[in-house]
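Please consult the sequence and the model while reading.

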Amino acid sequence: MASIATTCSSGLILRRKESTTNAGSMLQFNGLRAIESNQITASSGFNPSWSASTSASKSRSIKAMASAPKRETDPKKRVVITGMGVVSVFGNDVDTFYDKLLEGQSGITLIDRFDSSTFTTRFAGQIRDFSSVGYIDGKNDRRLDDCWRYCLVAGKKALEDANLGPEILKSMDKTKIGVLVGSGMGGLSAFSTGVESLIQKGFKKISPFFIPYSITNMGSALLAIDTGLMGPNYSISTACATANYCFFSAANHIRRGDADIMVAGGTEAAINATGVGGFIACRALSQRNDEPHRASRPWDQNRDGFVIGEGSGVLIMESLEHAIKRGANILGEYLGGGITCDAHHMTDPRKDGLGVSSCITKCLEDSGVSPEEVNYVNCHATSTLAGDLAEVNAIKKVFKDTSEIKMNGTKSMIGHGLGAAGGLEAIACIKAINTGWLHPTINQDVKMAKTLNPFATLIGSLCIQSCFNLFLLCMQNLEPLVDIDTVPNVKKQHEVNVAISNSFGFGGHNSVVAFAPFKP
């Protein structure tokens, strides 16, 4: 159960208004400090936060290089995405999930799953009205921890999306289909309930499901048991980098010939008293209780921690050869990935950003992609003081010219799904590739917005709105370091050439994966 003690996003930092020491805490802040300057650097890529932008972005021109990297060409080793399944705060349908993201809708609300009235953080990206009807039988559904309920529904929906339903699977070689769905926390509710029974009633009252439903491998195991998939099967638990690690390893199983298909992703359900209380003890969570929907605000100078979320995101990863043979609908291509460790601190990122920048570089090398080809980054962007800046530093270190790059933060709307985050964000990347639209990063505020908006209306009527937009550009409340287009508040049309998705976790675990439109 070591994973339960060491989960979540890297980049925890003590709040500006708090002391940097805590006699009752194991944490010592020595990470990258947030910049305290009030100066805002304008970026030519930005629109003001309230201004809509639906104009198509020019595709990034690829510079000629002396030794251009080469992508995989062997159809047995090329890995494509043929299905997606989601359980989220916006429901269990992939299209609905992404539509809500494009609308810039916040899924953050006050917690009502347990009594949080005495907690310093009382809100989360809590899933409501979840239904597993048609995917889990009633008896098991009542016993299961939510973590595994989410996994089973997302996994089976992904198989359905890939046209790999029960009848189709009967005719396939199931020893060549594996499952790799990880979790950072595992069955935390099952674990908490078991411990409570032990303390209050003694060991004889512990449920026989206590251990099986607590351990982190059970999502992959239960999904295989229900579907009969007999290929590689295990879980990875690297805190909030978990899902990307699973994608990386699943793709390597396909490339080595261990499997033709891998069901891969992440699942998490830690919105309970233990999970929320634990992260409060780490001083990792935002305390913006009066404005929950505005609490997750990546790169904003007034951010004060992340917002805990939950759910599951699962991809069907398949060798191109196998996908073509069975006539599968190909949604996109997984190009490659990279994994590294900061080797620095349990919760803080390295000051020099070396762990993250080297991870991005390894991903590009594995993908056969040059930095100039990447024009979309789905950022880890948890809304922590240190983590947000460390990630931007690393991005700017790898990508010397960011003028055509757009980056966004999915967590601004759904919160931080911990081990599931990379799975949910991979789906956002694939949908961006297929729709040509990037979802916004919400809560990208403009200073003095309440005072300036009436004035904006007045001068807009005088046909000088564009000049005023330029003025507002200088009033962005982002950190001065952030001069890359964050797709502020309103979706943008953008033709994705190569997308990378970043996920980092406690312990210094870094992971980056790359996706692209499929081209035969």
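## A polar contact at Asn-477

The side chains of Asn-477 and Asp-300 are joined by a polar contact of 3.2 Å. The structure is a predicted model. Asn-477 belongs to the loop that runs between helix 16 (465–473) and strand 11 (492–493). Asn-477 has a relative accessible area of 8%, and because buried means under 20%, Asn-477 counts as buried.

## Helix 8 against helix 14

Helix 8 (residues 242–256) and helix 14 (residues 421–435) have axes that come within 5 Å and cross at roughly 70°. Angles of 65 to 115 degrees count as roughly perpendicular, and the two helices are therefore described as roughly perpendicular to each other.

On the side of helix 8, the contact is made by Ala-243, Asn-244 and Phe-247. Helix 14 contributes Gly-422, Gly-423 and Ala-426. Sorted by class, the contact of helix 8 with helix 14 has three nonpolar and three polar residues, with no charged residues.

## Helix 11 and its surroundings

Helix 11 (residues 354–367) has 14 residues. From its first C-alpha to its last, helix 11 reaches 20 Å, close to the 20 Å expected at 1.5 Å a residue. The residue that follows helix 11 is Gly-368, with a positive phi near 70°.

Which residues of helix 11 are buried? They are Gly-355, Val-356, Ser-357, Cys-359, Ile-360, Cys-363, Leu-364 and Ser-367. The elements covering these buried residues include strand 7 (332–341) and helix 12 (385–398). Strand 12 (499–505) and strand 13 (509–516) are also among the covering elements.

Most residues other than glycine have a negative phi.

Asp-129 is a residue other than glycine with a positive phi, near 55°. Asp-129 is placed in the loop between strand 3 (123–124) and helix 3 (138–143). Is Asp-129 buried or exposed? The relative accessibility of Asp-129 is 78%, and because exposed means over 50%, Asp-129 counts as exposed.

Ala-239 is not a glycine either, and has a positive phi of about 55°. The loop that holds Ala-239 lies between helix 7 (218–227) and helix 8. With a relative accessibility of 3%, Ala-239 counts as buried, whereas Asp-129 counts as exposed.

Technical notes
Residues numbered from 1 in each chain as written. Predicted model: local features only at pLDDT ≥ 70, side-chain atom pairs only at ≥ 80, totals over all residues. Heavy atoms only, no water. Helix = DSSP H or I, 4+ residues; strand = E, 2+ residues; numbered from the N terminus. Buried < 20%, exposed > 50% of the residue type's maximum accessible area, 1.4 Å probe, protein only. Polar contact = N/O pair within 3.5 Å; in protein donor to acceptor, adjacent residues only side chain to side chain. Axes fitted to C-alpha atoms, helices over the stretch in contact; angles between N-to-C directions. Parallel < 35°, antiparallel > 145°, perpendicular 65-115°, else oblique. Contact = heavy atoms within 4.5 Å. Nonpolar A, V, L, I, M, F, W, Y, C, P; charged D, E, K, R; others polar. Expected span 1.5 Å × (residues − 1).
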